[in-house]
Each structure stands twice: as C-alpha cells, then as structure tokens.
Amino acid sequence: MIGEPTIFGRIIDGEIPCHRVYEDAHVLAFLDVGPISPGHVLVIPKERVAFLHELSDDAAAALGRVLPRIARAVMSVTGCSDYNILQNNGASAHQAVFHVHFHIIPKHADGSGLGIEWNANELVDGESLAASISEAL
Ligand code: AMP
C-alpha cells in the first residue's frame, strides 16, 4: 500500500467501527453511513487499491462471488425488488473514498434510492471502437 490508509482501509484494520454485514478472507461488507435508501450496503475488497481496474483477478473474483448473495440478503430484509449496483472510479465519476467499493442501493416504493441522469447518445463508429477495445484486452 502506498500513502495514508483510506477510511475503508481503517475499517478493514478495525480502527474505525462499521455495521458489518459480511466478511471473509477477501471481502468486507457494511452499511453505508450516509445511506441513499434503507439497506444501502458497501461491499469492498480487502485488497487496498483505489480503482476497479487495479484489482487483482483473485480479489475481483472474490467480490463477484459474494455480491449476488449480499444483494439477495438486502432484498430479503428490506423487501425491495429493485436495486442498483454502483461502482464509482475517479473524482469526476463521484468517487469520494479511494478504495474500491460497490454500493448496493435498494430502490424502494417511496421512490428512495439512486437517481440517475442517463444522457444516451447515438453510437458512432461502433465497429472500430469495439475492435479497439477488444484488442486492448
Ligand atoms: P463514493 O462516492 O462511491 O466514493 O462513496 C463513498 C461512500 O462511503 C459514501 O456513500 C459514504 O456515505 C460512505 N462512507 C464514508 N465513510 C464511511 C464510513 N466510515 N462508514 C460507512 N460508510 C462510509
């Protein structure tokens, strides 16, 4: 790890308390302290990287393995049938804590939950863009 630990690193280390809902060797999940809606949970890797694209395959697999299970538990407890998974990377993309995290945000009948502005455009040069991304993998 380079630099000061983030607030989530300090939660992993037990220096800062959290309302833990799940933990294994690679993953920790806890309630968001500023929930957008009741049942808003954060799921984080214990690997200390800021952005999704920096995650090791093992840490990514560990997250992927438990996310649906935690989502099911949130649905069961809150009664929501709809929810968003949000994962921000970079300050301009609304990331405030620079340790990878997935938000599970229930969408409740009262309208509480994530608000999304979705400015769809027409796809331009799809074939060459897809080929370029594919080649970059
Ligand atoms: P993001 O904008 O994706 O970086 O979201 C960071 C989230 O972390 C916000 O929803 C905060 O409410 C949440 N957060 C910050 N500090 C804590 C904390 N100590 N315990 C739980 N959630 C936190």
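I shall speak about the ligand shell, the nonpolar cores and one serine.

First, the conventions. This is a predicted model, in which local features need pLDDT of at least 70, side-chain atom pairs count only at pLDDT 80 or more, and totals for chains, interfaces and linings use all residues. Residues are numbered from 1 along each chain as its sequence is written, and side-chain values use heavy atoms, with hydrogens and water left out.

Let us begin with the ligand. There are 16 residues around the ligand, and Asp32, His94, Ala96, His101 and His103 come nearest; a residue is near if one of its heavy atoms lies within 4 Å. By class, this shell has 9 nonpolar, 6 polar and 1 charged residues. Here Ala, Val, Leu, Ile, Met, Phe, Trp, Tyr, Cys and Pro count as nonpolar, Asp, Glu, Lys and Arg as charged, and the others, Gly among them, as polar. Helix H1 (7–12) and strand S2 each supply at least two shell residues, and H1 gives the largest share, 3 residues. Helices (H or I, at least four residues) and strands (E, at least two) are DSSP runs, numbered from the N terminus.

Which atoms lie at 2.6 Å from a ligand oxygen? One is a polar backbone atom of His94, and another is a backbone N or O atom of Ala96. His101 uses its side chain, with a polar atom 2.7 Å from an oxygen atom of the ligand. The protein covers 82% of the 510 Å² of accessible area that the ligand has on its own, by the Shrake-Rupley method with a 1.4 Å probe.

Next, the cores. A nonpolar core is a set of buried Ala, Val, Leu, Ile, Met, Phe, Trp, Tyr and Cys residues joined through side-chain atoms within 4.5 Å; buried means under 20% relative accessible area (1.4 Å probe, protein chains only). The largest has 18 residues, of which Val27, Val41, Val43, Ile70 and Ile104 touch the most other members. S2, S3, helix H2 (57–78) and strand S5 (102–107) each give two or more residues, and H2 gives the most, with 8. Apart from this core lies another, of 9 residues, among them Phe8, Ile12, Leu28 and Leu42.

Finally, Ser37, in the loop between strand S2 (27–31) and strand S3 (41–45). Is Ser37 buried or exposed? Ser37 counts as buried, because its relative accessibility is 2%. A polar atom of the Ser37 side chain lies 2.6 Å from the backbone oxygen of Pro106.

How values were computed:
Buried < 20%, exposed > 50% of the residue type's maximum accessible area, 1.4 Å probe, protein only. Polar contact = N/O pair within 3.5 Å; in protein donor to acceptor, adjacent residues only side chain to side chain.
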